[in-house]
Amino acid sequence: MISSYKERILNLGLKAKRVLVTGSTRGIGKAIAAGFVGEGAKVAVHGRRQEAAEVSAREVVQEVGGKAEQVIAVSGDLSAKGGVGRVFRGCLEGLGGIDVLVNNAGTFEVSGWKQADGDRWLQAYGVNVVSMVRLIRRVVEPMREQGSGRIIQIASISAAVAPPVFPDYAAAKAATVNLTVSLMQELAGTGITVNTISPGPVETATWKDFALQIAELQGWEKDLETVKKKLLSGLMSNASGRLGRPQDVADACLFLASSRSSYINGVNLPVTGGLAARAV
Ligand code: NAD
């Protein structure tokens with residue numbers, strides 16, 4: 001049983017790597033940011049609002065016993081061109097560049113085919129795909145010039161299993177998996193790897209809201225513990241018998257960002273406890 005952060009340190013050679021984790025004021029992104037700080041990297045903690053990013057940057061450092069100079073806070077709405085530019089410039093000014101881009105920011109909520117109209121599909125694509133592409137387009141040339149880099153997309157297992165509860169989101173995440181493979185080939189021979197992580201259900205505040213929305217749809221009692229049990233024995237059952245934790249995704253991300261993963265390129269790594277596993 002791992003009890004303290006120090007025991008979790010993986011020594012992956014990430015010391016002084018310059019990392020941008022989008023959407024890292026909470027949830028999975030925050031755990032990823034904390035993981036990188038724990039490994040000695042320099043991390044840009046990103047949020048929509050500067051104040052929230054600054055608070056989270058301080059919390060991340062405290063959580064892993066890092067140093068204040070290991071983090072900077074950057075802000076901007078990634079669904080807007082201007083926001084992406086602002087975040088990128090903030091990283092250049094504060095970190096001097098980006099060695100690892102973790103495209104984590106995304107939004108999900110129950111929609112369903114009846115509610116999800118064309119505008120909603122466009123919005124889901126904009127936030128979950130176009131925002132990632134805009135950042136990728138910014139980081140790729142400098143990474144090419146330095147002859148190394150890591151680009152990691154956080155997608156979702158829903159890209160593969162495509163449940164009807166959020167078709168717009170699931171399809172957007174499938175596009176994320178697809179663009180990773182395309183980009184990996186575009187960057188062949190450059191020293192940059194491009195991979196996707198597809199988490200299953202991970203117990204973040206946003207996921208809890210999502211689970212309660214499912215409960216409402218199903219007509220279940222809206223008690224979170226009961227809902228979790230029902231989901232784990234049904235829709236979200238998996239061989240590990242539990243929901244994911246943000247650290248589960250963070251650990252996978254740290255490995256894919258490290259030099260030890262240089263021969264892993266273009267993969268879509270499920271972090272699901274075995275949910276929806278397939279042999280081929
Ligand atoms: P979360 O809601 O806790 O965090 C998402 C972060 O992204 C927040 O910091 C939010 O502010 C930021 N963000 C969203 N849209 C943004 C925008 N337009 N501009 C700037 N920032 C924006 O969510 P989470 O549960 O931690 O999920 C993180 C990622 O993992 C998402 O991409 C999500 O789709 C994916 N994912 C989550 C789960 C899960 O069960 N929690 C499962 C599979 C995939």
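Okay, let's start with a salt bridge: Asp248 pairs with Arg242, and the closest N and O atoms are 2.9 Å apart. Asp248 counts as partly exposed, at 22% relative accessibility, and Arg242 is partly exposed too, at 31%. Keep in mind that this is a predicted model.

In total, the structure holds 10 salt bridges. Another one joins the side chains of Asp99 and Arg18, at 2.9 Å from N to O. That pair ties together distant parts of the chain, 81 residues apart: Asp99 sits in the loop between helix H4 and strand S4, while Arg18 is in strand S1. Both of these residues are buried.

Then there's Glu59 with Lys30, at 2.4 Å, N to O. Here the link runs from helix H3, which holds Glu59, to Lys30 in helix H2, 29 residues apart. Lys30 has a relative accessible area of 18%, so we call it buried, since the cut-off is under 20%. Glu59 is partly exposed, at 34%. And there's a network of salt bridges linking Glu109, Arg120 and Asp168.

Now, the ligand. How many residues surround it? The number is 29, and Asn104, Tyr169, Val202, Thr204 and Thr206 are the closest. By class, that shell has 12 nonpolar, 13 polar and four charged residues. Helices H2, H8 and H9 each supply at least two of the shell residues.

For Arg48, a polar side-chain atom is 3.0 Å from a ligand nitrogen, and for Thr25, one is 3.1 Å from a ligand oxygen. As for cover, the ligand has 820 Å² of accessible area on its own, and the protein covers 97% of that.

Key
Residues numbered from 1 in each chain as written. Predicted model: local features only at pLDDT ≥ 70, side-chain atom pairs only at ≥ 80, totals over all residues. Heavy atoms only, no water. Near = heavy atom within 4 Å. Polar contact = N/O pair within 3.5 Å; in protein donor to acceptor, adjacent residues only side chain to side chain. Areas by Shrake-Rupley, 256 points an atom, 1.4 Å probe, with all protein chains shown as cover. Helix = DSSP H or I, 4+ residues; strand = E, 2+ residues; numbered from the N terminus. Nonpolar A, V, L, I, M, F, W, Y, C, P; charged D, E, K, R; others polar. Salt bridge = Lys/Arg side-chain N within 4 Å of Asp/Glu carboxyl O. Buried < 20%, exposed > 50% of the residue type's maximum accessible area, 1.4 Å probe, protein only.
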